[in-house]
Amino acid sequence: MAFVRVDQIANRTILYDRQREGDYGVTGVPIRPFLEEKFLASCEACFTELVALLEAKGFGPVGSILTGGIARAGTGASLHHKNRAFDLDGIILPDGNWVADTFPQRPHMYLAIEAVLRRHFGTVLSYDYNAAHEDHFHFDDGTAIGFNTMSKSRVQFVQNVIFFVYHFQIGRDGVWGPETSGLTTRLRRDLGIGGFSSKVNWLDFLSRVASDALDLEAAIPD
């Protein structure tokens, strides 16, 4: 398994924003982590897509990427110790940085970014997953990309999208039940997207969510 040392992803500098007080979500110190080669390729594809989308929607130019940690020593299920995990704290933007702890204030931007992450990584843990993830996205390639009704994080994402982006009333508990199933089917049909058992349909849904959510974010008055 090959490892590659990097200081940029998608031509954006990686900054560690947890070393100095006051840096979180604002700035940080440049780092050069080792990443597993296949995981790095996924990160490059993901952030290249995200940067292009943000800039196309008028939120660019995108600056540095803020992280709370990438590779680290030890063991565990998170895959950080295998150089296959990334904690995303924020993205530097010209009109105010996006920061991962702002989901309650900026759900549209947050869900757009989450949608792009989910297009490239199976495991994405977000604000609603648990208290430990309220200030960052964790993503890794430990699970396959796609929808799974038994996955709390994936179900929560769909519920949040239904509620915040498409404005249906729904419980957001991460449990796949009749209400979530029914509203998801209704939303898919409204969007002209087939069942999520197809990876292609899931990816199409994520692309649509990312675009629609950023349109809503852009429409918010300054």
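How many residues apart in helix α5 are Arg208 and Asp212? The two are four residues apart, which means a separation of about one helical turn. They form a salt bridge (a side-chain nitrogen of Lys or Arg within 4 Å of a carboxyl oxygen of Asp or Glu), with 2.9 Å between the closest N and O atoms. Helices (H or I, at least four residues) and strands (E, at least two) are DSSP runs numbered from the N terminus.

The model is a predicted one, in which local features need pLDDT of at least 70 and side-chain atom pairs count only at pLDDT 80 or more, while totals for chains, interfaces and linings use all residues. Residues are numbered from 1 along each chain as its sequence is written, and side-chain values use heavy atoms, with hydrogens and water left out.

Burial is described by relative accessible area (buried under 20%, exposed over 50%, partly exposed in between; 1.4 Å probe, protein chains only). On this scale Arg208 is partly exposed at 35%, whereas Asp212 is buried at 18%. Elsewhere, salt bridges with shared partners join Arg18, Asp89 and Asp135 into one network. The whole structure holds 11 salt bridges. One of them pairs Asp141 with Arg84, with 2.8 Å between the closest N and O atoms. This pair links distant parts of the chain, 57 residues apart: Asp141 sits in the loop between β10 and α3, and Arg84 in the loop between β6 and β7. Asp141 is partly exposed at 21%, while Arg84 is buried at 17%. Asp128 and Arg172 also meet in a salt bridge, at 3.6 Å from N to O. Asp128 lies in the loop between β9 and β10 and Arg172 in the loop between α3 and α4, so this pair ties together parts 44 residues apart in sequence.

Turning to the interior, a nonpolar core is a set of buried Ala, Val, Leu, Ile, Met, Phe, Trp, Tyr and Cys residues joined through side-chain atoms within 4.5 Å. The largest such core has 62 residues, of which Ile9, Phe86, Leu88, Trp98, Phe139, Phe157 and Phe205 touch the most other members. Elements that each supply at least two residues include α1, β7, β10 and α5, and α1 gives the most, with nine. Phe205, in helix α5, is buried at 1%. Its contacts (heavy atoms within 4.5 Å) are Phe157, Val158, Val161, Leu187, Leu191, Ile193 and Phe196, not counting residues up to four places away in sequence.

Rings of Phe, Tyr and Trp (its six-membered ring) pair if their centres lie within 6.5 Å, and planes under 30 degrees apart count as stacked, over 60 as edge-to-face and the rest as tilted. By this rule there are 20 aromatic pairs. Phe47 and Phe86 make a tilted pair, 5.7 Å centre to centre with 45° between the planes. Phe47 lies in helix α1 and Phe86 in strand β7, so the pair ties together parts 39 residues apart in sequence. Phe47 also forms a tilted pair with Phe139, at 6.2 Å and 55°, reaching from helix α1 to strand β10 across 92 residues. Both Phe47 and Phe139 are buried.

Strand β7 also carries Asp87, a residue that is buried at 8%. Asp87 touches several residues, among them Arg72, His80, His136 and His138.
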